[in-house]
Structures are given as structure tokens and as C-alpha cells.
Amino acid sequence: MAKFLSKANDFFNSCESGRSEEAQKHIAEGALFECDALPTIATVKDYTEWMKGIGCVVLAPSRYELHSVTSNENTVIFYATFYGTHNGEGGPVPPTGKSVVTAYVYVLTFDDSGNISKMVKVWNVGDAFKQLGWA
């Protein structure tokens, strides 16, 4: 298992629970974020703030179910499902009251100091937006 598994778990749980400040304790300065579904978000820090807004406001109440975790020396991969309902303001349309169940993957890469230096998210945004009535 990765030597950074505990930190990765702390980051994942904090990020997915909308606790961006806690999640940010585990990221390197300027850590890069990649996700085809979220092209305007360039850093992991910005992604944690986006998740706070999505999970705690726009799609609140939200939750996640973690299915598996795998790792090697400096990389930890999470596979999970996100659940939320569009009850709050801030989406691309007024609240629809529709729910989403969407699977996703996080790939976290750690630097030698034990901080996340890069995050890749794989997510089918088209299906998620369709479920929410956003597309």
C-alpha cells in the first residue's frame, strides 16, 4: 500500500464532505487538477472549493459511497458514487429537485513531502447533468 494512504483518505473524506479547508491541508502549493468534465478548474485547491459549493449548497444534502481504494508507492486511486439532489441555488438552472447518482474516480499523486501534487478526476458529467435536468 502507498505510504500516503492515510493522508489520501483524509483528503478524500474532507473533500467529498465539503470541508475544503481540511482537504487543503493535504495539497502542495499549486497542485494541478485535471478533469475533462471541469475544464475551468486548474488546481486541486479550486476543486475543493467547487466541491464545497456543489455538495453543501447546490446539491445538498449530498453524500458519497466509497467502493474501492487502490494504491502504489505515490499514487492512490478512489472509486466512489456521489448522491445529491438539486435543492439549492447555484446550478446552471433554478433548483430542479431532481437527484443524481454518479460514479467517479480520483487519482491522487503525492510528492516526496507527502502532499498531493496532482489530482485527476474521471467522471461522466453528461449523464450526471442529464439526471439533474441540466442538459
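Reply: Two strands pair if DSSP finds at least two bridges between them. Helices (H or I, at least four residues) and strands (E, at least two) are DSSP runs, numbered from the N terminus. Here E3 and E4 pair in the antiparallel sense over eleven bridges. The model is predicted: local features need pLDDT of at least 70 and side-chain atom pairs count only at pLDDT 80 or more, while totals for chains, interfaces and linings use all residues. Residues are numbered from 1 along each chain as its sequence is written, and side-chain values use heavy atoms, with hydrogens and water left out.

Me: Which residues stand opposite tyrosine 79 in the neighbouring strands?

Reply: Serine 68 stands opposite tyrosine 79 of E3, and in E4 the bridge partner of tyrosine 79 is valine 105. Strand E2 (residues 63-71) runs antiparallel to E3, joined to it by eight bridges, and a hairpin connects E2 to E3 through three residues.

Me: Is strand E3 mostly covered or mostly uncovered?

Reply: Buried means under 20% relative accessible area, exposed over 50%, and partly exposed in between (1.4 Å probe, protein chains only). In E3 (residues 75-85), nine of the eleven residues are buried.

Me: How is helix H4 placed, and what do its buried residues pack against?

Reply: In H4 (residues 125-132), the buried residues are Val125, Ala128 and Leu132. They cover an arc of only 65 degrees around the axis, which puts them on the same side of H4; the arc is that of the directions from the helix axis to the C-beta atoms. Contact means heavy atoms within 4.5 Å, and the buried residues of H4 pack against strands E4 (99-110) and E5 (116-123). Just after H4, glycine 133 takes a positive phi of about 80 degrees.

Me: How many aromatic pairs are there, and how are they classified?

Reply: Rings of Phe, Tyr and Trp (its six-membered ring) pair if their centres lie within 6.5 Å; planes under 30 degrees apart count as stacked, over 60 as edge-to-face and the rest as tilted. By this rule the count comes to twelve aromatic pairs. The ring centres of phenylalanine 12 and tyrosine 106 are 5.3 Å apart and their planes lie at 70 degrees, so the pair is edge-to-face. Phenylalanine 12 lies in helix H1 and tyrosine 106 in strand E4, so this pair ties together parts that are 94 residues apart in sequence. Tyrosine 47 and tyrosine 106 also form an edge-to-face pair, at 5.9 Å centre to centre and 80 degrees between the planes.
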